[in-house]
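This report goes through one protein model, from its overall fold to a few single residues. Please look at the sequence and the structure before reading on.

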Amino acid sequence: MNTIQMANHTSYIKKMSNAILHSSQYQNYRRIDLIVIHCSATRATQCYTVDDCRRDHRARGFADIGYHYYITRDGVVHRGRPLYQVGAHATGYNAHSIGICYEGGLNARDRPEDTRTPEQKLTLQRLLVRLKEDYPEARIVGHRDLPEVQKDCPCFEVNY
C-alpha cells in the first residue's frame with residue numbers, strides 16, 4: 001500500500017469506527033425478519049445527502065426519514081429512524097423490517113444502475129454483518145424483491 005492509499009485507508013477506518021457499525025445500543029422490541037435495501041433513485045453525479053432525503057420524506061408527509069440507515073457516497077452511515085421505530089420504506093413490510101438506503105441508483109441518463117462506490121459497498125457489507133448479528137433470522141432483500149413491488153430499487157442484485 002502506498003502512502004496515499006494508506007492515508008485513505010486510515011481515514012476510511014476512522015469513519016467506519018463509529019457506533020453505527022457496532023452492536024445495537026438499544027434493545028429493539030420489534031420483531032425483525034427483513035432487512036430491505038433501497039437506493040435513493042438519484043443520479044450518480046447528484047449529491048443527495050441524508051438531510052435532503054429527510055427533507056423530501058417530510059415533504060411527503062412522513063414524520064421523518066423513512067429509512068433506518070442512509071449510506072452516502074463517501075461510505076459514511078447516517079442514522080435515520082431509530083431501530084425501535086417502524087420505518088416508512090416498504091409498504092406492507094415496515095412493521096417487521098429495517099430499511100437501508102444508499103445514495104444513488106441512477107446513471108447520468110436517469111436509468112437504473114448500480115452506482116454504489118467501493119466505500120458504499122464495503123460499508124453496506126459491514127452494516128449487514130452487524131445487523132445479522134443482532135437479527136440472525138432476518139432475510140436480506142432488495143426493495144424490488146418484495147412481492148408486488150414494481151421498481152428497480154436498489155438497482156443491483158442483492159446476494160447477502
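What percentage of the contacts in the protein with a separation of 6 or more is accounted for by residues 24 or more positions apart? These residues account for 67% of such contacts, where a contact means heavy atoms within 4.5 Å.

## Basis of the model

This is a predicted model, in which local features need pLDDT of at least 70 and side-chain atom pairs count only at pLDDT 80 or more, while totals for chains, interfaces and linings use all residues. Residues are numbered from 1 along each chain as its sequence is written, and side-chain values use heavy atoms, with hydrogens and water left out.

## Overall fold

The protein has three helices and seven strands. Helices (H or I, at least four residues) and strands (E, at least two) are DSSP runs, numbered from the N terminus. Along the sequence, the pattern is α-β-β-α-β-β-β-β-α-β.

Of the 160 residues, 48% count as buried. Buried means under 20% relative accessible area, exposed means over 50%, and partly exposed lies in between, with a 1.4 Å probe and protein chains only.

## The nonpolar core

A nonpolar core is a set of buried Ala, Val, Leu, Ile, Met, Phe, Trp, Tyr and Cys residues joined through side-chain atoms within 4.5 Å. The largest one holds 22 residues, and Tyr69, Ile100 and Leu131 touch the most other members. At least two residues each come from S1, strand S3 (69–71), strand S5 (97–102) and helix H3 (118–134). H3 gives the most, with four residues.

Which residues does Leu131 touch, not counting residues up to four places away in sequence? The list is Ile35, Tyr69, Ile98 and Ile100.

The buried residues of H2 are Val50, Asp52, Cys53, Arg54 and His57. These buried residues pack against S3 and strand S4 (77–79). After H2 comes Gly61, which has a positive phi near 100°.

H2 also takes part in the largest pocket, where helix H2 (50–59) and strand S1 (34–39) each supply at least two lining residues. The largest share of the lining, three residues, is from H2. The volume of this pocket is about 480 Å³. On a 1 Å grid over the protein atoms alone, a cavity is a set of points where a 1.4 Å probe fits but cannot get out, whereas a pocket is an open set with protein on both sides within 12 Å along at least five of seven lines; lining residues have an atom within 4 Å of a point. Grid points are joined across faces, edges and corners, and a volume is the space filled by probe spheres set on the points.

The largest pocket is lined by 25 residues, and the closest to its centre are Arg60, Tyr67, His89, His143 and Lys151. By class, the lining has 14 nonpolar, seven polar and four charged residues. Here Ala, Val, Leu, Ile, Met, Phe, Trp, Tyr, Cys and Pro count as nonpolar, Asp, Glu, Lys and Arg as charged, and the others, Gly among them, as polar.

## Cysteines without disulfides

How many disulfides does a search of the whole structure find? The search finds zero, with a disulfide taken as a pair of cysteine sulfur atoms within 2.5 Å. For Cys153, the nearest cysteine sulfur is that of Cys39, 4.1 Å away. Cys153 counts as buried because its relative accessibility is 9%. For Cys155, the nearest cysteine sulfur is again that of Cys39, at 3.8 Å. Cys155, at 12% relative accessibility, is also buried.

## Backbone details

Most residues other than glycine have a negative phi, and most peptide bonds are trans. The peptide bond from Cys153 to Pro154 is cis, with omega near 15°. Pro154 lies in the segment after strand S7 (139–142).

Ala41 is not a glycine, yet its phi is positive, about 60°. Ala41 sits in the loop between S1 and strand S2 (42–43) and is partly exposed, with a relative accessible area of 44%. Asp110 also has a positive phi, near 65°. Asp110 lies in the loop between S6 and H3, and at 40% relative accessibility it counts as partly exposed.

## Leu106

Leu106 is in strand S6 (residues 105–106). Leu106 is buried, with a relative accessible area of 15%. Leaving aside neighbours within four places in sequence, the contacts of Leu106 include Ala41, Thr42, Arg43 and Pro112.
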